[in-house]
Amino acid sequence: MLLLKLAFRNIFRQRRRSLLTALSLTGGYILCVFSFSLSEGSYSNAISFFILDHTGHIQIHLDDYLLRPKIHKTIDDPQGLSELLDANEEIESHTLRVFAPAISYYEKDNSPAQVIGVALDRERSTSTLAAKISAGEYIDNALDAEGYYSAMIGAGIANSLNIGLGDELILISQGADGSIANDIFIVKAIVGNRASPDRTTVFLPLIAAQEFLSMYGSVHEVSILLKDDGEARVQAAALQDQLPELTVDPWQTVESTFYQSMQADKQGNNFFMGFIVFIVFVGVLNTVLMSVLERTREFGVLKAIGSRPLKIALMITLETGLLATLSLVVGILLSLPLIAWFTFTGIELAEPMDVGGILMSHLTGELSLFVFGMPLLFIVVFALFISIPAGMRAARISPTEAMRSN
Amino acid sequence: MSGVISTTDVCRYFGDDEETMVKAVDRVSIEIERGEFTAIVGPSGSGKTTLLHLLGGLDNPTSGAVELSDTNIAAMSGAVLSDFRRDHIGFIFQSYNLIPVFSAEENIEYIMLLQGVEASERKRRVTDMLKQVGLEGLGNRRPNKLSGGQQQRVAVARAMVSHPEIILADEPTANLDSKTGIALLDLMKELNENHNMTFVFSTHDEKIMSRAGRLIHLHDGEVELDETK
C-alpha cells in the first residue's frame, strides 16, 4: 500500500510533465478507439448490408456454381433441403433462388437484365427485397386474368425501357434444356433507384422463373440467414458435413473480394494504431526515463536503506502503470459518449465513401468491448514494456554513485 | 562488550593504473564494539565516507573483509545484501535524503514495510520514534515543511526504527548550524546510551568529535590514530 502511495505521489511530483504525458496517452487512446470504432462500424454496416440485401450468412450451391455459374448447375431437391434447413435451430430463415441472364423488351426498347426467381415468402423473411420496393407492391405467385405472372424490376430497367407499373415486360433468355425462353410479365413493382446494385434485375416468383427457364422445380442457390452473426463459418462447416453433395459457403467465401479487402484494410488500421501508439510511447518513455534520471539519488538512498533492486524496478512499473491507468480511465470516460454518438447517430457524408466496394453515405461506429478493449490492452502492454528499461536502470543504480549525484 | 563490526586489511582503490590510482581506504583493520559511539575523523578526502560505505555494504572493497555479526558483507550482493542492510544497518546521510513525497511518519515507516512488520506494530514504533527524536505532532509533515535539523531527526528515527545492530552516519551535522548539529549529536548520544545502540559517524568538526567515545583518525585512507576516551 505504501509502495502504491509512493508511486501515486511520484506521478504528481512533476504535475505539468505528468499531465502532458497523460494527455498524450488519453489522446492516443481516444484516437485508437475512434479508429477501431470507425473501421468495425463501417465494416459491420457493410456486412449487414450485403448479408441482408442478398448474400445471407451462408449460401448453398451445386459444385462450383459460385465461381462458374451455369444454368444447369442446379440443386434438384430444394424441397427436401428446405425441410432440413427449417428443422435447424441455428437458422433464422432461408430462401431459394434461380438466376439467368436475359434481354428485356418493352415496346421498341430493350435492355440486358438479370433474372432472379425468388421464393417470395421466404425471400421476404431472409432479405430486404420487400423493403427496397420504391414503387408498387411486393408480388405474389398468382397469375393474372390473362395468365401472366407479375415481376418486380430494377429502377435502371424501368428507366431504360421507359416502362411503368402495370406494363407488360417481355423477357427472352435461354432455358436449362437449351430452348429459347420467352414470356410476358406484368410489372407490379419498381425496386430501388437507378444507382442501386439491383437496377438491372428482374425479380420473378420462383415458380414463374422455373417455368420460364425450364428448370422443373430446381434452384441455383439457397441463401441462409443465421440467428447468430458470428457463427457463419461454424454453421457452414456443419451444414457441409450434412450436405456432402452440395457446396456450402459462409459469406466470407461468397463475398471473398470484400472480405479480403476488409482484412487488408483492418491490417492497415492496425498499422495506423501501432503508429499512434509508437508516437505516444516515445513521449511516455521520455517521461519515465527523465523521472528515473532525476531521482537517481533517491533510488540510491532507497537501495542503501534496504530496498531490493526488484522492488525499485517494480515501483517504476507501478508508476508507469498508474499513469497509464489514470489516463485510460479518462480516455474511456471521454470516448464513451463520443463513440456512443458515433454509433447511434453517425456522420452523414456529402459524398458516398467506398467501404470494401460498397458505397456508404452514412458512417456509423461500433460500440463494443473489442473497440474499447483492444487499444486499452495495447497501451497497457506497451506502458509496462516501456517501464522495463527504466526500471532496470533504477534497479542497477549503485547507492554510492547515486548519492554522489545531484 | 562484543564486536559488532570489524574490518580486516580492507582496501578501496579507485582506478587501475598504478600511477594514478587513488587509495581511498588502505589496509584498514578496525573493530567496533557493541554500544560504542565512535567517530571517524579526518580532513576532507581522508577516506571517511568511503570507509563508512564499506562498513555499510554500500561499496565493495578492492580487498580485505568487512564482517558484521560474523558475516562477511563484502561477499554479498543483490537482494541478499539489500535485505542484510535493511535488517542490520541503519544509515544517516549528510543531506538527510528523506523521500520527498512521504511525510515524516511514512519515511520512518517505509523500512518496516520492507521488513514486513505488521501495520499496528509499524504505527506503534513510528509514534514511539517520533517521540524519542522530539518530533511529536510533526509526523504528517513532508520533508520540505521541516527544518534541516528536524529532517535529520527524522533520518535518525528512520535509521533506528528497524532496531539495527549498527547505525552509520556520514557527516550527519555537516548541513546543520553548529547549535542544531550539537543538539542532534546529543540526541544520538542519548539514544546510544539509552538503547545501547552502536553509532559510527564521520565528522571533521572538532565540537562534534568531542562527544564521541572513540575517535578513529584517518589520513590518506589509513588509520593514523585510534583513541578511546
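How are α3(B) and α5(B) oriented relative to each other: roughly parallel or roughly perpendicular? I opened my notebook with that one, keeping in mind that this is a predicted model.

**Entry 1: a helix pair in chain B.** I looked up the angle between α3(B) and helix α5 (residues 148-160) of chain B and found about 25 degrees, with the axes 8 Å apart. Angles under 35 degrees count as roughly parallel, so α3(B) and α5(B) are roughly parallel to each other. I also noted that α3(B) passes α5(B) in a right-handed crossing. On the α3(B) side, I listed B:Ala104, B:Asn107, B:Ile108 and B:Ile111 as making the contact, and on the α5(B) side B:Val154, B:Ala157 and B:Arg158. Sorted by class, I get five nonpolar residues, one polar and one charged for this contact.

**Entry 2: where the chains meet.** Next I checked the contact between the chains, to which chain B gives 21 residues and chain A 18 residues.

**Entry 3: a helix in chain A.** Then I turned to α10 (residues 296-304) of chain A, where seven of the nine residues are buried, so this helix is largely enclosed by the rest of the structure. Among the buried ones I noted A:Phe299, A:Val301 and A:Leu302. What covers them? I found that the cover over the buried residues of α10(A) includes α11 (309-344), α12 (369-396) and α13 (399-404) of chain A, together with α2 and β6 (89-92) of chain B. After α10(A) comes A:Gly306, and I noted its positive phi, near 120 degrees.

Methods: Residues numbered from 1 in each chain as written. Chains lettered and ligands numbered in written order. Predicted model: local features only at pLDDT ≥ 70, side-chain atom pairs only at ≥ 80, totals over all residues. Contact = placed C-beta atoms within 7 Å. Buried ≥ 20, exposed ≤ 12 C-beta atoms within 10 Å, placed from the backbone. Helix = DSSP H or I, 4+ residues; strand = E, 2+ residues; numbered from the N terminus. Axes fitted to C-alpha atoms, helices over the stretch in contact; angles between N-to-C directions. Parallel < 35°, antiparallel > 145°, perpendicular 65-115°, else oblique. Left-handed = near helix turned anticlockwise from the far one by under 90°. Nonpolar A, V, L, I, M, F, W, Y, C, P; charged D, E, K, R; others polar.
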